[in-house]
Amino acid sequence: MSTVLERLDRLPRRNLTVLALKGISTLVPGGWHNTTSANELISSVLGSSDAALIAQVRARADVLSRARHEGYGRALSLYDAVNRSQKAAGGLRLLANVAAVLPLVKRAANLTPTSDTLQAVDLSLKVAAEMLAFTQVNGLPGDSFAEFGSSLGEYAGEARVRMAALICFDALLPLGDQGLQRLDGLLGRVGQRELRLSPAYAGMAAMIPGRGDEAHLGFLRRGVDQWLGWAAGFASDLGLSGQKAVQALESSLGPWQGGFEQLATFLDAFTDTYQHTGVQAVARRLVERAAAEI
Amino acid sequence: MSRMLRWGIGLLLMVSLLFAAFFLLPFRSWLPGGTVADVATAEVVNGSAFNRLFPSPEPGEQLVFTQEKRGFSEARLKQGQSIKALLAISDTTTAPEARSKFAASSQQLQGWPLVEQGNQASALLVAERFQVKVIGQGAGLDAEQRHDLIGAFDLEGLAALKPARAARAAKALAQGRLQPVQIPVPTATKEAAQSVPAVLEPAA
């Protein structure tokens with residue numbers, strides 16, 4: 001298994017994911033720098049470009065990310081699980097969009113779940129993944145809802161851009177501008193059946209605390225409750241809306257002529273923004289620790 | 001049923017059971033490699049013990065804890081939205097090589113050896129075990145400011161800390177109980193664990 005820093009070095013420098021993030025980052029003050037070099041990250045944290053020191057930090061970071069108890073690797077596998085299922089769901093919806101045009105397979109298209117509730121489940125799973133990864137990296141117990149809620153305000157740099165991307169791509173575009181306000185009601189209607197329909201849940205069920213779907217659903221609702229209050233404030237501070245998100249994306253991706261929902265589907269199927277920024281955030285925390293321990 | 005078939009089915013069952021045991025059951029946590037440098041977690045001081053030893057922030061500044069693990073705790077010193085410095089305490093039990101740089105140190109702070117690492121990092125080794133480090137971020141801090149920050153930690157409290165396992169070993173046994181037999185196991189981690197109490201004698 002490759003270490004966190006190896007994965008950081010392998011991140012793309014320019015592709016659809018990077019362009020989408022660049023577009024969204026124009027909405028966030030402070031902007032976003034696409035960190036794809038471990039040595040660069042280490043020297044910026046350490047404030048020094050001494051090659052021997054950088055090599056020491058790197059060796060220590062690799063030792064830390066190989067130790068399972070430390071949680072850095074598990075945080076990455078959470079982001080991977082979310083990413084895999086996002087692609088699966090996006091592909092499914094893309095297929096449904098295409099199939100809806102062809103008369104013969106129209107009936108098949110009706111079978112694929114495209115409802116708002118499923119989108120709400122998807123979003124809540126992403127928020128849960130964010131919280132679980134946060135607790136893994138910071139060393140808190142898995143259900144520290146309050147700590148997660150209070151530290152959301154502290155998010156800086158890539159985490160802010162990741163949250164903006166999450167709010168735009170998974171709430172405002174597919175669910176409309178009132179997506180965040182509707183989310184609570186939508187989640188209330190989610191039962192075990194809907195939860196099981198979501199491909200994201202199958203990949204993440206083993207990593208959510210609690211036994212059984214009912215307990216997991218409770219965990220998702222509580223996690224989203226913590227996140228929603230913060231996210232609504234964040235979105236209104238930055239003035240995020242579906243329209244603004246599309247304009248920001250058009251500035252880097254080029255003109256888009258479909259609907260908001262199709263754009264969300266397209267982004268789900270062809271970008272991995274969540275995983276990309278997740279690797280960068282975990283790598284930063286890991287380097288901060290390794291620099292302090294050498 | 002022929003004898004060959006019976007043997008075949010038996011072997012197949014055994015192989016599938018072994019396969020299931022190794023790949024499906026959560027045995028991974030029993031295998032080595034779970035902890036940093038394979039040092040048992042009980043031999044490392046938990047990060048929650050370090051948190052209260054951090055300096056209290058000056059007016060206008062904020063101390064935000066970012067990581068708390070076994071043998072490590074880290075906080076960001078913030079002024080408004082910008083990060084001024086990273087403050088950290090780590091237990092060098094899992095990184096003995098980190099101690100070697102202090103052998104060549106010429107500076108001292110409250111009696112403990114102090115070294116500079118690059119332009120923005122200062123480190124102090126307390127009780128030959130705990131490393132206190134300040135790394136300047138953003139605009140950076142000069143050496144004087146970093147040393148002041150290190151001095152603001154509760155260094156005496158830090159020097160008095162002990163890991164859970166060493167403390168338990170030092171406890172006297174009840175009357176009539178025999179001392180457990182110590183079988184000498186020639187591994188590196190075992191030796192390191194036994195040498196710890198000697199290091200942790202009170203500094204004064």
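**Briefing on the predicted model**

Residues are numbered from 1 along each chain as its sequence is written, while chains are lettered from A in the order in which they are written.

**Confidence in chain A**

- Helix α1 (residues 4–9) of chain A has the highest confidence, at 93, and helix α6 (residues 106–111) of chain A the lowest, at a mean of 56; helices here are DSSP runs (H or I, at least four residues) and strands likewise (E, at least two), numbered from the N terminus.
- Where pLDDT is low, the predicted coordinates should not be read in detail.

**Nonpolar core**

- The largest nonpolar core has 122 residues, and Ile24(A) and Cys168(A) are among those that touch the most other members.
- Such a core is a set of buried Ala, Val, Leu, Ile, Met, Phe, Trp, Tyr and Cys residues joined through C-beta atoms within 7 Å, buried meaning that 20 or more other C-beta atoms lie within 10 Å of a residue's own, with C-beta atoms placed from the backbone.

**Contact between the chains**

- In all, 23 residues of chain A are in contact (C-beta atoms, placed from the backbone, within 7 Å) with 28 residues of chain B.
- On the side of chain B that touches chain A, β1(B) supplies the largest share, five residues.

**Domains of chain B**

- An automatic or database domain assignment gives chain B domain 1 (3–31) and domain 2 (41–159).
- The C-alpha centres of these two domains of chain B lie 50 Å apart.

Conventions: This is a predicted model: local features need pLDDT of at least 70, side-chain atom pairs count only at pLDDT 80 or more; totals for chains, interfaces and linings use all residues. Two residues are in contact if their C-beta atoms, placed from the backbone, lie within 7 Å. A residue is buried if 20 or more other C-beta atoms lie within 10 Å of its own, exposed if 12 or fewer, and partly exposed in between; C-beta atoms are placed from the backbone. pLDDT is the predictor's confidence in each residue, from 0 to 100.
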